[in-house]
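Let's take a friendly walk through this protein, from single contacts up to the whole chain. Please keep the viewer open as you read.

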Amino acid sequence: IPVIVRAIPGIRSGSIVGATQLSCVLSDLEIPHRLYYGSIDDKQTIEQTANFARACGLRKKMKGMQMAVIGRRTEGMTPTAIDEIEIQRLFGTRLLSYGFDELNDMADQISVDEAQKMWQQMVSGASAVMCKTEHGLRTARNYLACKALAERNHLGALTIGSYPKCQGTMCAPIAWLNDDGLPTGCEGDVNSTLCMFLLSLLSRDTIHFGEMLAVDEKENSLVTSHCGCGSPSLASAEGYILHPVRLANDGVCIRFTAKPGPVTFVNLVGRKGNYRLCAFEGEAIPTGMVFEGNPLKFIMKTPFRRIWEDVGEYGFGHHWMTAYGHFNYPLKEYCKLAGITGVFPDLDEVV
């Protein structure tokens, strides 16, 4: 179990001596620990302690978590290929694999009444519905099948693959599963879904799945989005609409512009021996429907070209997760605990 050793001031307290003695022994025993110094009410020490404690919680929650992977990863997206055994060894997370045919069989067992009831719930919160009811019912069946699978296997996370075959049939289920508190990723990207789960333990909001799409260097802003699998609770005050998915112009997806607020933008990639995480913070601001999906626009703390150097040097991928809140410091501590490389442009640090 990781240990926090905290020394307090006072020449006769013996605290500094005792703390360094204990830290030395813990180092020799290779037990994860942090050595801090400060008075009982010192705010910096309290914050350092809290960040390390949160990181310990992250590591504990990752161990023993079960994630289901439905379908295959997207063809051509080799960067999303993973090593199942390494994920079990490094993070302690177990992957359960299912074919899309198995999900379809489960969905076919959902009654018309159940599907209609669920579809009406989805429709009830929308400001507009532009898709066909028959597509909505298929979407509702898929959502209910995924939810049953999650409950049966006590899943902590889920990722849906087999894009583009599932385009327009799994977008809305992904959105509502995230709103249910089950971090769910797209395109069979296991690492990004692990990242979603990790961030969901830090943020009070659901996690936004997206890609770097556009940069405005003048205002140092970045737009991230995906095709329409964003959680409805992330929508701005304008709300969301249900619409056929872009490119296919078929099925159902959810469209909205994301709400404003403090955010952390995170990428997790890697295989055996080279897992790495990049995180930087910003402030989400109002935006228009600049991309047909779930655009989220934020002002970065650090100049984009500085961030871009790290993205290139360490080889980060194309799927980036956005968490509402600022989490550089607990993520930094988590990377140290988990034994993965952490790149933090805002802090100008690599751990």
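A contact here means heavy atoms within 4.5 Å. A word on the ground rules: this is a predicted model, in which local features need pLDDT of at least 70 and side-chain atom pairs count only at pLDDT 80 or more, while totals for chains, interfaces and linings use all residues. Residues are numbered from 1 along each chain as its sequence is written, and side-chain values use heavy atoms, with hydrogens and water left out.

**The loop between β6 and α7**

With that definition in hand, look at Ser162: leaving aside residues up to four places away in sequence, Ser162 touches Gly71, Arg72 and Phe100. Ser162 is found in the loop that runs between β6 (157-160) and α7 (171-179). Helices (H or I, at least four residues) and strands (E, at least two) are DSSP runs, numbered from the N terminus.

Is Ser162 buried or exposed? Ser162 is buried, because its relative accessible area is 9%. The cut-offs are under 20% relative accessible area for buried, over 50% for exposed, and partly exposed in between (1.4 Å probe, protein chains only).

Met170 sits in the loop between β6 and α7 as well. With a relative accessible area of 1%, Met170 counts as buried. Its contacts, again not counting residues up to four places away in sequence, are Phe100, Leu103, Asn142, Cys146 and Ile160. Glu333 is another matter: 163 residues separate Met170 and Glu333 along the chain, and their C-alpha atoms are 35 Å apart.

Pro164 also lies in the loop between β6 and α7. The peptide bond joining Tyr163 and Pro164 is cis, with omega about 10°.

**Sheets and pairings**

Strands of a sheet pair through backbone hydrogen bonds, either parallel or antiparallel. Two strands are said to pair if DSSP finds at least two bridges between them.

Another open sheet has 3 strands in the order β5-β10-β11, and its pairing is mixed. Here the edges are β5 (128-129) and β11 (250-255), each pairing on one side only. Leu242 stands opposite Ile254 in β11.

Cys278 has Val343 of β16 as its bridge partner, and Val343 in turn has Val350 of β17 as a bridge partner. β16 and β17 form a hairpin with 4 residues between them, and Asp348 in the turn has a positive phi of about 55°.

| Strand pair | Direction | Bridges |
|---|---|---|
| β13 (residues 276-285) and β16 (residues 341-344) | parallel | 3 bridges |
| β16 and β17 (residues 349-350) | antiparallel | 2 bridges |
| β10 (residues 241-245) and β11 | antiparallel | 4 bridges |

Most residues other than glycine have a negative phi, and most peptide bonds are trans. Glu30 has a positive phi, near 60°, and is placed in the loop between α1 (15-28) and β2 (33-37). Glu30 counts as exposed because its relative accessibility is 72%. Leu247, in the loop between β10 and β11, has a positive phi of about 70° although it is not a glycine. Leu247 is exposed too, with a relative accessible area of 63%.

**The whole chain**

Stepping back, how many helices and strands does the chain have? The secondary structure comes to 10 helices and 17 strands. A compact globule of 351 residues would have a radius of gyration near 20 Å, and the chain has 22 Å, which agrees; the radius is taken over C-alpha atoms, and the globule rule is 2.2 Å times the number of residues to the power 0.38. The C-alpha atoms fill a box of roughly 75 × 45 × 35 Å along the principal axes.

Buried residues make up 55% of the 351 residues. Of the contacts between residues at least 6 apart in sequence, 73% join residues at least 24 apart.
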